[in-house]
Amino acid sequence: MIAEFGLAALWLAAALALLQAFAGIGHWRGFSPALASLTRPVAVVQGLLCLVSFGCLVWLFAITDLSVLLVASNSHIDKPMIFKLAGTWGNHEGSMLLWVTVLSLSGTAIALFEKRLDHQTLGAALFAQALIALGFFAFLLFSSNPFERLDPAPPAGAGLNPLLQDIGLAFHPPTLYIGYVGLSVAFSFAVAALLTGKVGPAFARAMRPWVLLAWIFLTIGITAGSYWAYYELGWGGWWFWDPVENASLMPWLAATALLHSVAVLATRDALRAWTIMLALIAFAMAMAGTFLVRSGILTSVHAFAVDPERGAFILGLLVIYIGGALTLFGLRIGVVREGKTFALLSREGAIVGNNIFLSVILAIVLVGTLWPLAAEAMGDKISVGPPYFNQTTVPIGLLLMLLLIVGPLLRWRGDSLARHKALAGPALLFLLVACALFATQPQAGLWPILSLALAAATALASILPLLGRNILRIPLALWGMALAHFGFAVCVAGMAAEQGWKVEKLVAMRVGESAVVSGWNVKLDDVHPVVGDNWVALEGQLLVRRDEDTTIMRPQSRQFSSPKQQTTEAALLTRWDGQLYAVIAAPSEGDASDRWQVRLWWKPFVTLIWYGGLLIALGGAIALFGRATLALRKRRRDNPWSLA
């Protein structure tokens, strides 16, 4: 009964999306006031119905209703409750229902909270949002029904991929999806602006909070996903340039460029066409990521491999939405008036440089991700791995950091570097750190040393815009910018330190034997079996010492029964100067020496990568809160009798 109710709610939501599209046209064109009046209410009810449908699926997973095919294929009666609930979106159909739910709730949020768009543009935006929703409703209802029944029901269920049975599954996909789908709002706004021809500061101020919100969640999702892969896969790395990892990075790069561009449009009425184009590209990258993950053309622990027909359906939606939007851009961009001009050496100029570098990195990642797929389609087998991405993106990333140092200090319209004596501080710090590292740590290599020196200079430069001001009068948006730039510097420092100074050791150890890695003495004290909720494991007990610091690490080699799969569970020891990372594996077949394979890494300051990511997201949240507070004050000042 619950499954049928959830499916009915989904069908009703799809019908309301169709009605919202027609109402949005009436709202935009103004030919039917009665129809136009339905736009906001229909969008709200559609979102609520999707939420009900998704809630029904969550409940079916919570009670392990094995008469539902999706539950039987991705859950098990003995699975812990947290993984039963997270399993709702740990599969193709459930993740797509989550996608559609977030998409519909985005339309609901526009209808309820968007007060700054003019009447015509709002109607056109809700029309565009409804069109996007209709395509995904059709995909769910006709190709990926999450409520399909199974008769007879199995006794236990197939279980969830053990690599996904981790608390990270509860947080990583939802935050990433909010970011992905949040970019649909920017896309709808851009389409609406092209339809109405109304592009200007007011439009940008309306778009900015939606872009910022999507960007915050994308940042959190990517940061959480990186840490999840780091500790769960047991490979010791934090970013593998996996195609599915790239699928989340590409929209983030586009959204970062869009966030800076929309700030210029909102503040100085410049970069009109560029802002519209970036809004279209950002959602195009989100759609491309969806296609890569769900088309079955990739083999990855992150990917939901499905049949080619579903991949073709998503590819069709990608072509329709993005192709249609780019065609509209080509036909209508001529009606958008040119914005105000500015000098090359200005804050606008620095942001344009920022956008160019981000776009180049995006193009590099896109080519590196798609080229192997294109080559395979033509009969060739090639691989594009970390060396390609690192060698091409790192130099451009360092140039981007230079702009982060200089750009926030420049004036709008035009400026002179001679006026900014404060830049001497970051420049001097860069030279001191670089020279000290080249003199004492030349083995680290050129790029890690330059990256660490630039990270130090960027961290110092991030606080310079705050100096000389009354601390109580500094806008929260400026605090947020400074914190986000500081977080980026922290993140880069962690990447550089891990890349340049990490130490790895693979040893075969009997119980009682020891190994040394970067000052840590690691002794294999014992190996014994342990039993979990739905797995058994061989757990190593490592006695770890450094000076007076002594502790126990417990890496595991787990065996799951439903489905049958072996996984490696890393043990992490975090200290102020880095992490000791350990994994253990059973002796190789035919090895009668009883030696256990123990792999150890010492990773200096690696945690700065994820602390920096969280600081970036926190900076965005502070800026969003500050702008929302200012908007609320302005609304109350303009209409003191309003409760909103």
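In the predicted model, helix 15 and helix 16 are roughly antiparallel to each other. This assignment follows from the angle of about 150° at which the two helices pack, because angles over 145 degrees count as roughly antiparallel. Helix 15 spans residues 424-440 and helix 16 spans residues 446-463, and their axes lie 8 Å apart. The crossing of this pair is right-handed.

The contact between these two helices draws on residues from both partners. Helix 15 contributes G425, P426, L429, F430, V433, A434, L437 and F438. These residues meet L446, I449, L450, L452, A453, L454, A456, A457, L460 and A461 of helix 16. By residue class, the contact of helix 15 with helix 16 comprises 17 nonpolar residues, one polar residue and no charged residue.

Helix 1 passes helix 7 in a left-handed crossing. The residues of the contact of helix 1 with helix 7 divide into 22 nonpolar and seven polar, with no charged residue.

Aromatic side chains were considered next. A pair of aromatic rings is described by the distance of the centres and the angle of the planes. The structure holds 22 aromatic pairs. One of them is formed by W99 and Y177, whose rings are 6.1 Å apart centre to centre, with 75° between the planes, in an edge-to-face arrangement. W99 belongs to helix 6 (residues 92-113) and Y177 to helix 8 (residues 168-196), so this pair ties together parts that are 78 residues apart in sequence. W99 has a relative accessibility of 1% and therefore counts as buried. Y177, at 6% relative accessibility, likewise counts as buried, because the class is set at under 20%.

W235 and F240 also form an edge-to-face pair, with 5.3 Å centre to centre and 85° between the planes. W235 is partly exposed, with a relative accessible area of 29%. F240 is also partly exposed, its relative accessible area being 47%; both values fall in this class because exposed residues must lie over 50% and buried ones under 20%.

Aromatic pairing also extends to a group of residues: ring pairs link Y227, Y230, Y231, Y581, W601 and W610 into a cluster.

Key: Residues are numbered from 1 along each chain as its sequence is written. This is a predicted model: local features need pLDDT of at least 70, side-chain atom pairs count only at pLDDT 80 or more; totals for chains, interfaces and linings use all residues. Side-chain values use heavy atoms; hydrogens and water are left out. Axes are lines fitted to C-alpha atoms, for helices over the stretch in contact, and angles run from 0 to 180 degrees between N-to-C directions. Helices (H or I, at least four residues) and strands (E, at least two) are DSSP runs, numbered from the N terminus. Angles under 35 degrees count as roughly parallel, over 145 as roughly antiparallel, 65 to 115 as roughly perpendicular and the rest as oblique. A crossing is left-handed if the near helix is turned anticlockwise from the far one by less than a right angle, and right-handed if clockwise. Contact means heavy atoms within 4.5 Å. Ala, Val, Leu, Ile, Met, Phe, Trp, Tyr, Cys and Pro count as nonpolar, Asp, Glu, Lys and Arg as charged, and the others, Gly among them, as polar. Rings of Phe, Tyr and Trp (its six-membered ring) pair if their centres lie within 6.5 Å; planes under 30 degrees apart count as stacked, over 60 as edge-to-face and the rest as tilted. Buried means under 20% relative accessible area, exposed over 50%, partly exposed in between (1.4 Å probe, protein chains only).
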